[in-house]
Amino acid sequence: MSFLPFAIAAWLFLIGLYGIVSSQNLIRVILSLTVVQSATYVILLGVGYSRGGQAPIFADIPQVSKAVDPVVQVLVLTDVVIGATVTAMLLALAVQAHKRFGSLDPQELRALRD
Amino acid sequence: MTRRARLTMFGVGAAGLGVVLIYGLAGLPAFGDYEGVYGHVINGIGVSARHATDLVTALNFDFRAFDTLGEEFILFGSVLGVVLILRQLRGEQERPSLDEADQHAFAGASEALRVLALVLVPALLVLGVYIVVHGQITPGGGFQGGVILASGPLVLFLSGRYMRMRRLGPHTLVETGDAVGAAGFALIGLSGLIFAGAFFKNFLPFGIPGHLLSAGQIPLASVAVGLEVTGAFLVAWSEFLDQAILIRSRPPEAEQ
């Protein structure tokens with residue numbers, strides 16, 4: 001059971017990659033990329049968990065309580081922000097690609113293929 | 001390459017990658033057993049060293065503030081990129097009349113939805129401000145609160161009135177908020193350099209842990225980042241909504 005979080009991360013990564021390769025719509029490709037990225041959230045949080053640890057918020061628990069690793073949680077926050085920005089840029093590119101090629105199918109982007 | 005060939009190739013590659021991935025992940029300490037040194041140190045000294053009770057925010061805006069500066073400018077830069085990519089191209093025009101554009105409402109918005117939006121907007125704004133300023137005490141901070149704040153005007157769009165959303169968050173205002181927030185966070189770092197001798201070293205009194213004005217520079221940094229995130233998300237969203245609602249290709253006879 002202790003391997004389950006890491007197995008979920010590997011599964012998210014691979015299923016997201018499958019989505020990127022198989023999608024026939026750029027929006028879906030971008031959404032699949034966010035699935036790939038969510039694998040990193042699961043890995044980071046899984047690494048930082050310590051058995052029986054509480055959230056690293058000491059507002060209402062004693063200062064000596066055992067808590068999970070706050071460093072990886074900050075890394076996940078950074079990760080989420082980067083994910084949002086990358087998604088925004090890619091969606092903007094998809095909007096312009098649709099204007100130019102009249103299609104969101106990656107196969108139809110002729111200028112990139114020829 | 002045909003779709004079939006591509007999927008076959010991916011299948012072979014993914015199988016190999018999956019094996020390596022599982023092998024590598026199996027080498028990690030078992031779930032719940034990892035004893036991260038830095039995390040232990042922060043959990044041990046965080047509250048007494050920075051007087052903040054939410055150590056995630058303390059890390060974000062104090063211990064790792066320099067990294068957050070980079071993260072913040074990535075957000076700033078990518079929003080700039082979105083604005084650049086979605087600029088008004090040659091042969092496109094924004095519908096000139098506000099009244100005409102106002103008819104481009106989100107179809108299907110009922111009166112009940114509009115009333116609900118009226119209730120939700122102030123509630124979201126209050127919740128956003130609360131999350132931004134309490135980051136040093138309870139879960140929250142500039143990034144989380146900023147996104148909530150930005151969703152306030154977005155609710156106006158969902159209630160069917162895009163132009164109202166633009167009125168609550170006009171382009172100039174949200175762009176200024178984005179820029180002022182980004183600059184403000186960098187200036188907090190510079191103030192540390194000037195008043196405390198090191199970039200992002202705390203230069204404000206720490207106060208009492210658990211109080212609203214505690215933890216030195218953290219609430220200030222949180223407000224700056226909150227402003228930037230609110231601005232950044234509203235700029236990006238309105239660029240996309242402009243594309244969908246306002247920008248039309250110019251009719252051929254209007255050219256030249």
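Let me begin with confidence: chain A has a mean pLDDT of 85, with 95% of its residues at 70 or more, where pLDDT is the predictor's confidence in each residue, from 0 to 100. This is a predicted model, in which local features need pLDDT of at least 70 and side-chain atom pairs count only at pLDDT 80 or more, while totals for chains, interfaces and linings use all residues. Residues are numbered from 1 along each chain as its sequence is written, and chains are lettered from A and ligands numbered from 1 in the order in which they are written.

Among the elements of chain A, the highest mean pLDDT, 91, belongs to helix 2 of chain A, and the lowest, 61, to helix 4 of chain A, residues 110-113. Where pLDDT is low, the predicted coordinates should not be read in detail. When I say helix or strand, I mean DSSP runs numbered from the N terminus, with helices being H or I of at least four residues and strands being E of at least two.

Now to chain B, which has 10 helices and 2 strands, arranged along the sequence as α-α-α-α-β-α-α-α-α-α-α-β. Of the 256 residues in chain B, 37% are buried, a residue being buried if 20 or more other C-beta atoms lie within 10 Å of its own, exposed if 12 or fewer, and partly exposed in between, with C-beta atoms placed from the backbone. If we take contacts in chain B between residues at least 6 apart in sequence, 74% of them join residues at least 24 apart, and here two residues are in contact if their C-beta atoms, placed from the backbone, lie within 7 Å.

Next, the contact between the chains, to which chain A gives 39 residues and chain B gives 44 residues. On the side of chain A that touches chain B, the elements giving two or more residues are helix 1 (4-22), helix 2 (26-48) and helix 3 (70-101) of chain A. Which of these gives the largest share? It is helix 3 of chain A, with 15 residues. By class, that side of chain A divides into 27 nonpolar, 10 polar and 2 charged residues, where Ala, Val, Leu, Ile, Met, Phe, Trp, Tyr, Cys and Pro count as nonpolar, Asp, Glu, Lys and Arg as charged, and the others, Gly among them, as polar.

Leaving aside neighbours within four places in sequence, Ala10(A) is in contact with Gly18(B), Leu21(B), Ile22(B) and Leu25(B), and its C-alpha atom is separated by 9.4 Å from that of Val42(A), 32 residues apart along the chain. Leu14(A) is also found in helix 1 of chain A and, with 19 other C-beta atoms within 10 Å, is partly exposed. Not counting residues up to four places away in sequence, Leu14(A) touches Ala14(B), Leu17(B) and Gly18(B).

I turn now to helix packing. Two packed helices are described by the angle between their axes and the distance between the axes. Axes are lines fitted to C-alpha atoms, for helices over the stretch in contact, and angles run from 0 to 180 degrees between N-to-C directions.

Finally, helix 4 (residues 65-85) and helix 9 (residues 171-196) of chain B pack at about 160°, with axes 10 Å apart, which makes them roughly antiparallel.

How values were computed. Parallel < 35°, antiparallel > 145°, perpendicular 65-115°, else oblique.
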